[in-house]
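Thanks for asking me to look this one over.

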Amino acid sequence: MSNGTSTSDESRDLDSTSSDGQDDRSRVQTSEPEGSPNENGKPPSSEGDGQQFKVDDPLFSQRKGVFQNKEMVRVGWVPDGDRIVGRDDYISTISSCLNDAVYGGAPNHISITGKTGTGKSLVSRYVTRRAVNASVEDIRIGHTYLDCSKSSTEVQVISTIGQQLNDEDIYDEDEDIVKMPDTGLPKDKFYKRLWQILDHYDSAIIILDEVDLLKSDHVLMSLAKAVESNDTSCQIGIIAISNQINFFDELNPRTKSAFQTQELNFDPYNANQIQEILRGRDDAFRDGVLTDEVIPLVAAFSAQEHGDARKAMRLFRTAGELADREEDDMVEEDHVRRAQDALEKDRFRDFLQGTPTQMKAACLSIAAKSLYSRDDYIITGELYDAYQQITNAIDMDTIGIRRFRDILDEMQLSQVIETKEVNMGKGGGRHNSHRLLHNPEAILDIVMEDSRFGDISKSSLKRFA
DNA sequence: CATCCACCGGAAGCCGGGGAAA
DNA sequence: TTTCCCCGGCTTCCGGTGGATG
C-alpha cells in the first residue's frame, strides 16, 4: 500500500452516517444546523456558532444564546478519552483487540452488548479513531460505522460499507473506480465489488451498530470469513453492537463458528456517572447559564430510563434549545421538564413518520381503546376489531390479522406498546395482550396530523373503542 | 391429567415499485 | 427498452402453545 497512513480523511468521519441519524433532531431545535461533525475530540471553536459574521437583517440577528459549544452535547459527538466516564476497562479490551490492525495485521472481532445509551457506540468509535490515527506508516486502515437499523438487508449493508470505504484516494491514477450502487445488482456482484474495494486496504474495522436488526446474519458470516475464503486480502475486524444481551448466543451455528469474538457487556451508567458525563460537557453552555438543579434533574429523568446517557444528552441539549428559543438567559428546571415532554412526543412522531398508514390506523386503535376502555391491557382480537372499524370509517384498505400482528410486534419493538401473554384457560385460548406506553391523547394528536385521519373526530373514536 | 380453544408466529410466496446493466 | 434483481408490504397456510377446566 502506498502513500502513508489512514485514508479516511477527517471530513468523512465515523460520525457522518450514524447516530447522527438516531439523534432525532428535536423540533424544539433552534435555527442553526447540526454543526459540522467533529472527529478530533477537541471541542469546536467557541466562536463556532457563526459569531464572527455580521448579519444585517434584524430577522436573523445574532443572539448570544445559552450555548457556546453546542456540538459537544450532540449525541453523535465523540469526545476525548478523558471525558469518557467509567468505561476504561472496555476501552482497553477493545484496543487490545484492534491492536494488530495498527500494524496491518488481523484485528479480532468484538461483540458488544448492553442497553441503549451505555456508551457502546461511543467507545467503539473512540477506540477505532485512536487505532486509525495510531496506524504505522504505509499501513492503510479502512474504517466504517454502519447503523443496521437503517441498513438492515444484506445488500444494503454490503453496499453501504462499500460506499463508505470507496474513497477515490485509495485508487491509483490509472485505475477504474469501483461503482457501488444502492440496489439493482445480484447479491454476489455486490460482494464482489466490496472485496475489490477492500483489497485497497491492509485492514478494515467495521462497526455494525444495532446488529440484531439485520434481516439475516449471513452478511456477518461472509464478512468474518472473507479473508479465510480468499475473497479479499484485507484483514477485517468487525465490532458488532447489540442491545440484546443474548443476541450473539442465538446466531445460527455456522455464523457463530465463523464469527469468533471477544465478548463485552456494557453496564448501564448509574446516576452519578450520568451526572459526571453531563458535567464533563457543561462547557457546551456559556458560563453560569445552567442553574444548579438542571444537571441533577436531567440525570434523574434518565436514571428512570435505566441510565441511558444518550437520552440524557438529548434532554440536556433540548432544554438548552428551549431556553434559547424563548430567549431566556438561564436554563432552568422548567426547561428540562418541558423538554422532557416535547422529546417524548417527538419520539413518537418520529416513530410514525415514514411508517405505513396501516401503522397509524393501528396506533389510533390502541389509543382509542386505552382512552375509552376500562382495561389496561387489550388483547389482539379486540384491537383488531377497533382497527377494522376505523379503517372502514375512513374507507381505507384493511389488512389481515396476521399482518396486524406483525405491526403490533413492530410497535412493541419500538416501545410504543408493551405486550404480555395471557391464557384464558380451556376454551379461552392463548392471547397476546397489549398496553400503550405513551399518553393516548398525545398519540391521537399526532396521528390526526395525517390528513387521512382528519375526518375522524375524537368523540367518534369512542364508538370504536 | 388430558383436553381444548383461539390466537401465536414462522415459512413461503405473491405483487408492484424501483434501480442497474445489457 | 428489456431483463434481472432487491425490497417492503402483504396474504395464506399451518404446526405450536399452555393453563383453566372437566
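Here are my points, with a word on conventions to start.

1. Keep in mind that this is a predicted model: local features need pLDDT of at least 70 and side-chain atom pairs count only at pLDDT 80 or more, while totals for chains, interfaces and linings use all residues. Residues are numbered from 1 along each chain as its sequence is written, chains are lettered from A and ligands numbered from 1 in the order in which they are written, and side-chain values use heavy atoms, with hydrogens and water left out.

2. Helix 5 covers residues 187-198; its twelve residues should span 16 Å at 1.5 Å a residue, and the 17 Å between its end C-alpha atoms agrees with that. Helices here are DSSP runs of H or I with at least four residues, strands are runs of E with at least two, and both are numbered from the N terminus. The expected span is 1.5 Å times one less than the number of residues.

3. Which residues of helix 5 are buried? They are Phe190, Tyr191, Leu194, Trp195, Ile197 and Leu198. They sit on the same side of helix 5, because they cover an arc of only 160 degrees around the axis (the arc of the directions from the axis to the C-beta atoms). Buried means under 20% relative accessible area, exposed over 50%, and partly exposed in between, with a 1.4 Å probe and protein chains only.

4. On the face of helix 5 turned away from the buried side you'll find the exposed residues Asp188 and Lys192. The cover over the buried residues includes helix 4 (154-165), strand 3 (203-209), helix 6 (218-225) and strand 4 (235-242); contact here means heavy atoms within 4.5 Å.

5. Now the DNA. Of the 15 residues around DNA strand B, Thr183, Thr380, Arg402, Arg405 and Gly427 come nearest, where near means a heavy atom within 4 Å.

6. For Lys426, a polar side-chain atom lies 3.5 Å from a base oxygen of DNA strand B.

7. Strand 8 gives the largest share of the surface near DNA strand B, with three residues.

Terms used:
Polar contact = N/O pair within 3.5 Å; in protein donor to acceptor, adjacent residues only side chain to side chain.
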